[in-house]
Amino acid sequence: MEESVKKNKQTILEGTISCKKFFEALYKDLEYFSFIITVVANMDYATYIARSVLEDKEPIYKNPNELVADEPGKMIKTLRKYRQEHLEMFFCRVIDNFQNYLVDVITEILKVKPHILSSKEPTISMEQILNKGSIEELLQEIIESKVNSLSYKGFKTINEWCNKKGIPLEVSDKLDTMVEFIALRNIIVHNRTIIDKKFISTVKRTDLKIGEKFKITTNYFFEAIKVINQVVSSTDKKILENFNLEKYTIQLDNFAILTLPF
């Protein structure tokens, strides 16, 4: 990804179409995340102002933020009660978005460098060859088949395959962290966030116990976004340097910029 340019709370980037789709999806998720919190806080504040007016009292708190900090209302308390569930849903959205980026960008690369798929083992049948009307159709099917098979494998396997094929995934110092994020997403979806043996063996953390619920904090959530953004940004920059992929303008603003690695 090309060097960013910041103007009036906006960040202008250049990246692959896969990167563009990743950040556009991330921005929508973060915007909605912020929207929920803002609406909840404003509903409490509206109730507070209405009560102050009807009881002929001068409001002590001048804006929703002051009320949330000192005297949170019923709506904020309810949101905090379900903090874990709220963060789980958005955490999964972020991880799924990242995994979609990997699949998309690998597909982009294979379309311009199909020889990467070359192998001593046969990957297509005679039936596939005969059923396709052109080499292009056959190649597209091979690419889709390979990418789909990779998407169902663990992140370490994908990382190893990409390294072997010369596709740069910039995760060397963040590999264990990324593995944990994806493993966490899996137990959220498949085990109600309850830590199991597979999770422990995958992340190899000694501070977690089987049978307990993994607690996601707000700081953990935003750190995950920051790390993933760093991986996507660094990876996309390397990919553009190594492969002749079309560049797209990526424009981000406001909330999304808070989680970008620059």
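At what angle do helix α3 and α4 pack, and how far apart are their axes?

## Model and conventions

This is a predicted model, in which local features need pLDDT of at least 70, side-chain atom pairs count only at pLDDT 80 or more, and totals for chains, interfaces and linings use all residues. Residues are numbered from 1 along each chain as its sequence is written, and side-chain values use heavy atoms, with hydrogens and water left out.

## Helix α3 against α4

Helix α3 (residues 74–81) packs on α4 at an angle of about 65°, with the axes 4 Å apart. Helices are DSSP runs (H or I, at least four residues), numbered from the N terminus; axes are lines fitted to C-alpha atoms over the stretch in contact, and angles run from 0 to 180 degrees between N-to-C directions.

Leu79, Arg80 and Lys81 of α3 make the contact (heavy atoms within 4.5 Å) with Arg83, Glu85 and His86 of α4. By class, this contact has one nonpolar, one polar and four charged residues. Here Ala, Val, Leu, Ile, Met, Phe, Trp, Tyr, Cys and Pro count as nonpolar, Asp, Glu, Lys and Arg as charged, and the others, Gly among them, as polar.

## Helix α4 against α10

The axes of α4 (residues 83–112) and α10 (residues 218–242) come within 10 Å and cross at roughly 10°. The two helices are therefore roughly parallel to each other (angles under 35 degrees; over 145 counts as roughly antiparallel, 65 to 115 as roughly perpendicular and the rest as oblique).

Residues of α4 in the contact include Phe90, Phe91 and Phe98, and those of α10 include Phe221, Ile225 and Ile228. The contact of α4 with α10 divides into 17 nonpolar, two polar and two charged residues.

## Helix α7 against α8

For α7 and α8, the axes come within 9 Å and cross at roughly 135°, so these helices are oblique to each other. Phe155, Lys156 and Asn159 in α7 meet Leu175, Met178, Val179 and Ile182 in α8.

## Largest pocket

The largest pocket holds about 740 Å³ of space and is lined by 28 residues, with Gln99, Lys153, Gly154, Ile182 and Asn186 nearest its centre. On a 1 Å grid over the protein atoms alone, a pocket is an open set of points where a 1.4 Å probe fits, with protein on both sides within 12 Å along at least five of seven lines; lining residues have an atom within 4 Å of a point. Helix α8 gives the largest share of the lining, eight residues. By class, the lining has 13 nonpolar, nine polar and six charged residues.

Methods
Grid points are joined across faces, edges and corners, and a volume is the space filled by probe spheres set on the points.
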